[in-house]
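Colleague: Please pick one part of this model and take me through it closely. Then place it in the rest of the chain.

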Amino acid sequence: MIPAVVGLSGANTFLKDLSTAEVCEGTLPSVFRILVYHPLNGTLVGIGSGFFIRPDGTALTACHVIIPQHKLKVKLDNGKELEAKFLAGHHPTDIGLIKVHTQDLVIPVKVGNSDQLKRGEQVIHIGNTMFSDSNDIDVGYVNKLDDDTPEWLKSQLKGDMAPPESGLSFIKTTGSVRPGFSGGPLVNMKGEVVGLISRVFVQMHQTGPEHEGASIPINFVETIIKQLEERGQVERPYIGCSFMKVEGGLGILKVQPGSPAEASGLKVGDVLLAVNNKKMKHPEDFFKVIGYQKGVEFNLEVLRSQKTINLTISA
């Protein structure tokens with residue numbers, strides 16, 4: 001069984017902001033460099049970052065950092081090198097789990113609530129580059145939330161990852177986040193991990209390089225890890241209805257018999273206004289809220305015959 005990410009119940013909205021030094025002091029011991037070696041000739045073929053989510057050495061990284069059947073080593077911030085192995089991953093969302101072989105208990109990161117992030121909020125990227133001997137630190141700001149797929153990211157992904165309709169979105173950040181940071185944590189100023197760094201963009205200008213990062217919200221990451229733990233694979237929830245954009249929300253076009261949509265009381269002609277208090281303006285808005293969450297109840301705000309009603313659906 002694969003251990004799940006530390007629950008979000010530990011996130012504390014009343015914690016005061018810490019200094020950059022205090023955040024790094026509490027987080028750096030949990031972050032490490034990943035070294036990927038060719039299984040036959042032992043050549044170093046890739047590097048990336050990761051961070052501990054359990055005291056037993058279970059750790060999170062970006063799935064694209066790991067190459068199947070290759071040898072993994074990690075280098076901790078204190079310089080100690082340890083063997084590691086791949087546990088499970090979901091390539092479409094770039095979320096992977098590894099197990100670091102350690103005889104001692106390690107310090108896992110503190111997990112925050114990515115839904116509470118705000119544009120302009122200061123954050124810290126922690127990761128590794130090809131030339132670093134220990135973790136690198138970069139301070140940046142949240143530039144955009146729920147960013148489906150920035151144009152620069154589309155060119156990198158080339159269809160390798162899940163589309164916006166799957167519920168996958170990104171936290172877009174500014175700063176000097178660099179190649180090799182993939183798999184590292186995006187940390188808020190309370191010292192809590194709020195994202196998994198997935199992709200990095202660097203573009204040269206006359207005035208200097210432009211850096212942007214795309215991180216996967218930790219709340220979304222947790223839904224993927226939960227399925228990997230419980231089922232060993234990741235599936236999308238079945239809802240059983242189709243809809244289209246209409247004035248005010250999403251118009252229900254069809255409801256499948258025996259589906260969760262029918263059980264919830266949804267009817268053809270209804271207009272879905274909001275899901276869990278989040279307004280529905282486009283079809284992808286629905287999938288952003290539902291995501292990959294199975295066995296979860298969602299609150300629906302529905303317009304029917306010019307009256308607003310509330311329904312509950314189990315995905």
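Modeller: Start with Asp94, in the loop between β5 (81-90) and β6. Helices (H or I, at least four residues) and strands (E, at least two) are DSSP runs, numbered from the N terminus. This is a predicted model, so local features need pLDDT of at least 70 and side-chain atom pairs count only at pLDDT 80 or more, while totals for chains, interfaces and linings use all residues. Residues are numbered from 1 along each chain as its sequence is written, and side-chain values use heavy atoms, with hydrogens and water left out.

Look at the backbone of Asp94. Its phi is near 65°, a positive value in a residue other than glycine. Asp94 counts as buried because its relative accessible area is 0%. The cut-offs are under 20% for buried, over 50% for exposed and in between for partly exposed, with a 1.4 Å probe and protein chains only.

One is His64. The other is Thr61. Contact here means heavy atoms within 4.5 Å.

Take His64 next. It belongs to the loop between β3 (58-62) and β4 (71-76). His64 is partly exposed because its relative accessibility is 30%. Leaving out residues up to four places away in sequence, it touches Asp94, Ser182, Ser198 and Arg199. The side chains of His64 and Ser182 make a polar contact at 3.5 Å. Such a contact is a pair of N or O atoms within 3.5 Å; within protein, one must be able to donate a hydrogen and the other to accept it, and residues adjacent in sequence count only if both atoms are side-chain atoms. His64 and Ser198 are 134 residues apart along the chain, yet their C-alpha atoms are separated by 8.5 Å.

Thr61 lies in strand β3. It counts as buried because its relative accessibility is 0%. Its side chain reaches the backbone oxygen of Ser49 at 2.6 Å. With neighbours within four places in sequence left aside, its contacts include Ser49, Asp94, Ile95, Ser182 and Leu196.

Ser215 touches Ser198, and its other contacts beyond four places in sequence include Ser169, Phe170 and Leu196. Ser215 lies in strand β13. At 1% relative accessibility, it counts as buried. Ser169, in turn, is in the loop between α2 (151-157) and β10. Ser169 is buried as well, at 8% relative accessible area. From Ser169 to Pro217 is 48 residues in sequence and 7.6 Å in space, C-alpha to C-alpha.

Now the nonpolar side. Leu60 touches Phe51, Ile95, Leu196 and Val221, among others, not counting residues up to four places away. Leu60, Phe51, Ile95, Ile216 and Val221 have the most contacts inside the largest nonpolar core, which has 30 residues. A nonpolar core is a set of buried Ala, Val, Leu, Ile, Met, Phe, Trp, Tyr and Cys residues joined through side-chain atoms within 4.5 Å. Elements supplying at least two residues each include β6 (95-100), β12 (192-205) and β13 (208-217). α3 gives the most to this core, with 6 residues. Apart from it lies another core, of 20 residues, among them Val275, Met280, Ile290 and Leu300.

Finally, the whole protein. There are 5 helices and 19 strands. Buried residues make up 50% of the 315 residues. Of the contacts with a separation of 6 or more, 62% join residues 24 or more positions apart.
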